[in-house]
Amino acid sequence: MYRFLRFPILLVGLFLGVSSFAANNSQPALTTEDSLGPQVQQPIEFPHNRHAGLKDPSDPAKGGMEINCQYCHTYARRSAVAGIPPLQKCIGCHQNIESVKDKPRIVELFKYWDAKKAIPWKKVHDLPDFVRFNHERHIKRFVEQQDRPVQEACGYCHGDVKEMTVARRQKSLAMGWCASCHEKDHPVVAQSGTPIAGQAYWYSFQKPAAAVDANTKARGPNDCWQCHK
Amino acid sequence: MIDSGSVKQLAGHPFDRRDFLKVLGWSGAAVALSGCGNTSVEDGRETVVSYVEANDYMVPGIGVYFNSTCAQCDAGCSINGRVREGRVLKLEGNPDSTINKGKLCGLGQAGVQHHYNPDRVREPVLRNGTKGETITWEKAYALIAEKLTGVKGEEIAFLSGGVSGHLKVLLGNYLDSLGTKNHFVYEAIAPSVVRAANVKAFGVEMPRYRFDKAQVVLSFGADFLGSWVSPVHFSQQYAQFRKGVNGQRGVLIQVESKMTLTGANADRWLAVKPGTEGVLALGIINALGMATGDVAELVKGYDKARVSRETGVSTGQIDKIAALLKLRSPSLVLAGSAAEGYAHGSQNAAAINLLNQVLGNVGKTIEAPVSVPFPQMAPSKGNTVALKNLNDGLAAGKFKVVFNFAANPVFTAPGAFKFKDNFAKAGFKVAFAHYLDETALQADLVLPLDSALEDWGTQVPEYMTEGAQINIQQPLMERLHANTRGMGDILLNLIKQKKADEYKGFEDYYAYLRGAVLQNKGALGGGGVEDDTFWNDTLTHGIVKLAGTTTSLSAHASAAGLVLPAEVEADEHFPLHLIPGVTASLRDGRHTNQPWLQESPDPLTTIVWDSWVEIHPKKAAELGIVEGDIVQVTSKTGSVKAQVYLFPGIHPEAISIPVGRGHDAMGRYAKGYGVNPFQILDAVFEAATGELAMHETRVKISKTGQRVLVVKDEGAAGALQMGRKIAARVSTDQVDLSKEV
């Protein structure tokens, strides 16, 4: 006779259980209003501005060094994940830069090196596990094929890193944000005037344009499978 | 949340489709709600660790592949492991190896679960009463040295599984330095009786079988596709055999009392009365009418009527097999574990080898084997005789220090040995272990070993294929746990306690191995090559291929001394034969703690995570047993309780329980699942070799009154799919052999 009660009670219990689990699970908000990610405390406050920033013509000691992003983030053009440069990379230069050797951050850096320990950097850009973003393809497309400046291409997603010290997420990296770019019409001819072979076809499932010119446009991949494999 | 209580409560009441959909809908909605804000994004919280130093080929997200050797069984398949971000992720076969040619079986695939297993021993553990306390390696070594002082060589025993390569050499040297000859090599499941019979018939323990050249394979219980000798290699040869020579597809006939994976693949499967394999072999020789001399004399008495009466195989079947073997040549006849597992196992195997000789297969499908030119590295083999000798010594209190490596005798010794009690009589017991298994739990000192994917080594397979080879084992990644050590490193440390001068040049086992390989560079095919080049080349390939030495094969199987026992009277008290089933994935149970192996369904019954008792449906009906009944299986030695599975692929006078499950230690995926039939095996031995006759135990079964749902993947027996039978069944008597030929 209580059978009709059993299900509502079960379901209410189920709902409460699950929602209390969700409520307890305090997470930083995915996106703030300006799409900025959380400020992340890093073990060493790495100054991106000093390494990648623009040179100061009046005082070379003050400005940046305009180092190409790919000099350190060398995995980005080779792999789906950009990775973090090995410690060896930092030391490769810094063992020869006497002028900053006593600065606290560099002292800290060499402590890790001497102990042969990896620096426990915190992740600044993360995607859910069901998303497969591929760095290599984006760099191939924008840097190698379209001859865009590296900082511009990386900056589409990572913001103006040359102005930052420790990197902070600038874009929401949510699916809608990704799609907003993939839905735009992009030229299929490089800035240098070279047609990008076959790309128009692959990028929007059209037949390749017979005569590719500077006005031919195509979109990024729009099938679910590209990212959700 | 739904707890198990409410599920049971629900299950006890009619739970119609509408209710089910309601629950499904609501729980779906609840999960969807909880999904909000609950993603896996971990900005600013998760650590992303980079390399300190990285080789150019190490790119995050891109796999690097290394060659090594599979250590899951001793077939010696070469593996190729994918390593990414310093972690080994997946194993596949190395195409360079002629043994497995780029393929790997399920057991081998599960090797990563051995490596990442959460239940591995991570620190040296010393017994303190009933508890263990972790100690340092220095203390452990000092303790062993202390316990060995003043102990005579004959009071030391070393029990190990099969070892080969440089580890075997080093172990031999260590035992020499201790002045002991008590090295007991024990593999719970090994074709030792067949090896002995082969030496008599062919002059070699294991000839090279050529399934690919045979037109008919007649196998007496050799599960060569599942668990016998070198299954991955045999499977590939079997594929060739099935493709056939000149378009004629090979025919496989399997004779056994309990269907194996190979039996399930056979064109013709014959249930033979347990133990009468030899009688059938002689009966076939008789029916062939090709024998001469004393062989003809021997088989004269084995006329079809008698053979049929004794074996339970119909005269028509015997005629058909003989006709097929006459028509098609060469053929290949195999004696497997089912034939050798009786007190007269040697006689069975001898009769089967005789059949091979009469058919003229020796030299055609049975070829001379190849071995490595370094006999000291050849695999050491052993079976229950070794364990029995150790057990007798232990019972007599002869041993003061006992070492155990790569064997788990407390689990695999037949119950009649009372091994656990005898083991306790040893003074000081050292176990080199991956898990705290049943034997390690009884030890006084447990030393944690590296997994096979972290350790250095060489391995020499017993069964060589095309040419000889030495397999290289190398770490695919760094140690997972800081305090495990490789067996080679441990032995080197121990031997330095005795012969410090001789071994001081070797900092670790890697240095020893490298030195030993480079020392014989010329013989290993690296003459004139620089040391570093040759070593790197060796590691890259993972295999050293050699011009091996070929042992010549003789064909002197004879009728002399071949006497098969008369028909055995049925035992009134224990009417059924117990056949311990050896499955392709669990083998002797050393890998049961790898959950993939527990989870992958048994190929014949589709049962997972549990043991079962196979009973023929007719016998079950006679006893009033249905599927899922918990029965008590009792032998003279002991009893176990397990669920019943009705299986038409078993002789009505036999039952079968798979071995490998029923651990009461070892780890979370092994402990408490199923039962261990080793425990109830009687101490009946094979007459000629003294090995345990694994199929000789007689049992009785009784119902306990309990019944469970058998957890299995298959549907109900005889089920229909789309209104039709899934596969039409024809009894073997109804098959027209002329259509197969």
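Two strands pair if DSSP finds at least two bridges between them.

**Ground rules.** Residues count from 1 along each chain as its sequence is written, while chains are lettered from A and ligands numbered from 1 in the order in which they are written. I'm looking at a predicted model, where local features need pLDDT of at least 70, side-chain atom pairs count only at pLDDT 80 or more, and totals for chains, interfaces and linings use all residues.

**Confidence.** I checked pLDDT, the predictor's confidence in each residue, from 0 to 100. Chain B averages 89, with 92% of the residues scoring at least 70. Two stretches of chain B stay under 50: residues 1-15, with eight contacts beyond four places in sequence, and residues 30-38, with 16 such contacts. A contact here is two residues whose C-beta atoms, placed from the backbone, lie within 7 Å. I also wrote down ipTM 0.75 and pTM 0.85.

**Sheet S19-S20-S21.** I found an open sheet of three strands in chain B, in the order S19-S20-S21, with antiparallel pairing. S19 (457-459) and S21 (543-546) of chain B stand at the edges with a single partner strand each, so one side of each has no neighbour in the sheet. The twist averages 20° from one strand to the next. For angles I use axes that are lines fitted to C-alpha atoms, for helices over the stretch in contact, and values run from 0 to 180 degrees between N-to-C directions. S19(B) pairs with S20 (residues 468-473) of chain B in the antiparallel sense over three bridges, and B:Thr458 sits opposite B:Ile472 in S20(B). Helix H6 (residues 165-178) of chain B lies across S19 and S20 of chain B, at about 105° to S19(B).

**Sheet S12-S11-S10-S13.** Next I looked at an open sheet of four strands in chain B, ordered S12-S11-S10-S13 and parallel in its pairing. Its edges are S12 (268-271) and S13 (331-335) of chain B; each has a single partner strand, so one side of each is left without a neighbour in the sheet. S10 (residues 216-220) of chain B pairs with S13(B) in the parallel sense over five bridges. In S13(B), B:Val333 is the residue opposite B:Leu218.

**Strand S27.** Is S27(B) buried or exposed? Five of the five residues of S27 (residues 654-658) of chain B are buried, so the strand is largely enclosed by the rest of the structure. My cut-offs: buried means 20 or more other C-beta atoms within 10 Å of a residue's own, exposed 12 or fewer, partly exposed in between, with C-beta atoms placed from the backbone. B:Ala654, B:Ser656 and B:Pro658 cover one side, B:Ile655 and B:Ile657 the other. S23 (residues 576-581) of chain B pairs with S27(B) in the parallel sense over five bridges, and B:His577 has B:Ala654 as its bridge partner.

**Helices.** The axes of H22 (residues 509-519) and H24 (residues 531-541) of chain B come within 11 Å and cross at roughly 110°. Residues on the H22(B) side of the contact are B:Arg514, B:Val517 and B:Leu518; H24(B) brings B:Asp531, B:Phe534, B:Trp535 and B:Thr538.

**One residue.** I then picked B:Asp421, in helix H18 (residues 419-423) of chain B. With 11 C-beta neighbours inside 10 Å, B:Asp421 counts as exposed.

Note on methods
Helix = DSSP H or I, 4+ residues; strand = E, 2+ residues; numbered from the N terminus.
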